[in-house]
Amino acid sequence: MKRAIPVVVLSIAGLVPVWLYQPSSGSSTVQATTPAPSTSSSGAPGTNVVTTTTIDTEKGPVQLQVTFDGTKITAVKMLQQPNHPQTKAAVPKLVAETLQAQSADIDTVSGATITSEAYKKSLQAAIDDNAKTASAASSPPSDSPASSSQTVDGTAVDTEKGTVQVQVTFEGSKIAAVKMLQQPDHPQTTAAVPKLIAETLQAQSADIDTVSGATITTGGYKESLQAAIDAKA
C-alpha cells in the first residue's frame with residue numbers, strides 16, 4: 001500500500017502538463033474589434049441641409065448651415081461669423097431661440113444687432129429654400145401627362161394684415177405645390193408661409209394647424225386654399 005501512493009502521485013503529475021497545454025476552444029478565431037464611428041447623413045429620409053449664401057456686414061460675413069427634418073429646424077451651424085466677442089456671445093442665444101421658435105421671428109440680441117439681423121435674414125432664406133425643396137419633391141415628374149395636372153387660383157382674401165391668395169397645383173387629386181400669389185408684407189407672415197405650405201403638402205387638405213404669431217394670415221391662407229380645392233375640376 002505504501003508503494004501505491006507514489007504511483008498515484010506520478011499519475012496525477014503526468015496529467016498536469018496535459019491540462020496546462022490543452023488549447024482553448026475558439027482562441028484562434030477571436031479578435032478584438034473597434035466599433036466604427038457613427039455618422040449622420042443629410043440624405044436621410046425627410047432630412048434636408050441648407051447652406052445659405054454669405055451675407056457681408058460691417059462687422060464681418062455671416063453664413064449659416066441649417067438642418068431640417070421635414071419642416072422642423074433641428075440644427076443651426078454658423079459657417080461664418082464676425083470675429084467679435086459680442087458676436088460669439090450672441091450666436092448661442094440666436095441658435096437656441098431659433099430651435100425654440102422654429103422660425104426667423106426671433107429677438108435681436110442686445111449688443112449684436114448687426115449680426116442678429118444678418119443671422120435672421122440668412123435663416124429666413126434657408127427656411128424658404130427648404131419649403132421650395134419640399135414643394136419640388138412633391139411636384140409631378142416633367143414627363144407626366146399635362147391632362148393630369150391642374151393649377152387653380154384660390155380666392156383673394158382681404159385681412160387686416162393684407163391680402164392673402166394662394167395658387168394650388170394638383171396632380172390628379174393630390175396637392176403637388178402651393179404658391180403664394182399675395183401675402184401681407186410682415187415678418188411673421190414671411191416666417192409662417194413655408195410652414196403652412198409644408199403642412200398643406202403633408203395633410204393634403206386645408207385642415208392644418210394655425211401658425212403661432214400669424215393667426216390672421218393663417219386664416220386667410222386656409223380660406224383661399226379651401227376655395228382652390230373646391231374649385232378644382
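Reply: The following paragraphs describe the cavity, then its lining.

The model is predicted, so that local features need pLDDT of at least 70 and side-chain atom pairs count only at pLDDT 80 or more, while totals for chains, interfaces and linings use all residues. Residues are numbered from 1 along each chain as its sequence is written, and side-chain values use heavy atoms, with hydrogens and water left out.

A cavity is a set of points, on a 1 Å grid over the protein atoms alone, where a 1.4 Å probe fits but cannot get out. Grid points are joined across faces, edges and corners, and a volume is the space filled by probe spheres set on the points. The structure contains 1 cavity of 30 Å³ or more, and the largest cavity holds about 90 Å³ of space.

Lining residues have an atom within 4 Å of a point. Around the largest cavity, they include Phe68, Thr71, Ile73, Gln102, Ile127 and Lys195. Two or more residues each come from helix H3 (113–138) and helix H4 (187–203); helices are DSSP runs (H or I) of at least four residues, numbered from the N terminus. Helix H3 contributes the most, with 4 residues.

By type, the lining of the largest cavity comprises 7 nonpolar, 3 polar and 1 charged residues. Here Ala, Val, Leu, Ile, Met, Phe, Trp, Tyr, Cys and Pro count as nonpolar, Asp, Glu, Lys and Arg as charged, and the others, Gly among them, as polar.

Notes:
1 Å grid on protein atoms, 1.4 Å probe; cavity = no way out; pocket = protein on both sides within 12 Å on 5 of 7 lines; lining within 4 Å.
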